[in-house]
Amino acid sequence: MLYQKPQDDRPTKASSCNSISDCDKWRQDVIKEICDKVSDIQNAGLGEFKIRALNDEINQLLSEKREWDQRIRELGGPDYAILEPKI
């Protein structure tokens, strides 16, 4: 069984956060979740249905990460889209 970390009180909308440090904290939280799910999806024993579900969750988290990146840029923080290597 996969362990799913509770999201604490991460805002559902990045636009509701007005602090670069808070945005960066939530962005790092999303990245950790993505890494955990990528590790889970590499398990050869998972069925096709579970792999598809994990893939959908990863795609949703990547979209959320892009929202946090955009909000950080709007607040005057670094542009992570330029700084991060392309995957």
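A nonpolar core, as I use the term, is a set of buried Ala, Val, Leu, Ile, Met, Phe, Trp, Tyr and Cys residues joined through side-chain atoms within 4.5 Å. Buried means under 20% relative accessible area, exposed over 50%, partly exposed in between (1.4 Å probe, protein chains only).

**Ground rules.** I am working on a predicted model, where local features need pLDDT of at least 70, side-chain atom pairs count only at pLDDT 80 or more, and totals for chains, interfaces and linings use all residues. Residues are numbered from 1 along each chain as its sequence is written, and side-chain values use heavy atoms, with hydrogens and water left out.

**Fold.** I counted 3 helices and 0 strands in the protein chain. The order from the N terminus is α-α-α. Helices are DSSP runs (H or I, at least four residues), strands likewise (E, at least two), numbered from the N terminus.

**Burial.** I find that 25% of the 87 residues in the protein chain count as buried.

**Core.** I looked up the largest nonpolar core and got 10 residues: Ala14, Cys17, Cys23, Trp26, Val30, Ile34, Leu61, Trp68, Ile72 and Tyr80. Helix H1 (20–41) and H2 each supply at least two residues of this core. H1 gives the most, 4 residues.

**Leucine 61.** I listed its contacts (heavy atoms within 4.5 Å). Leaving out residues up to four places away in sequence, leucine 61 touches Arg10, Val30, Glu33, Ile34 and Lys37.

**Arginine 71.** I placed arginine 71 in helix H2 (residues 48–74). Arginine 71 counts as buried because its relative accessibility is 13%. With residues up to four places away in sequence not counted, arginine 71 touches Ala14, Ser15, Cys17, Asn18 and Cys23.
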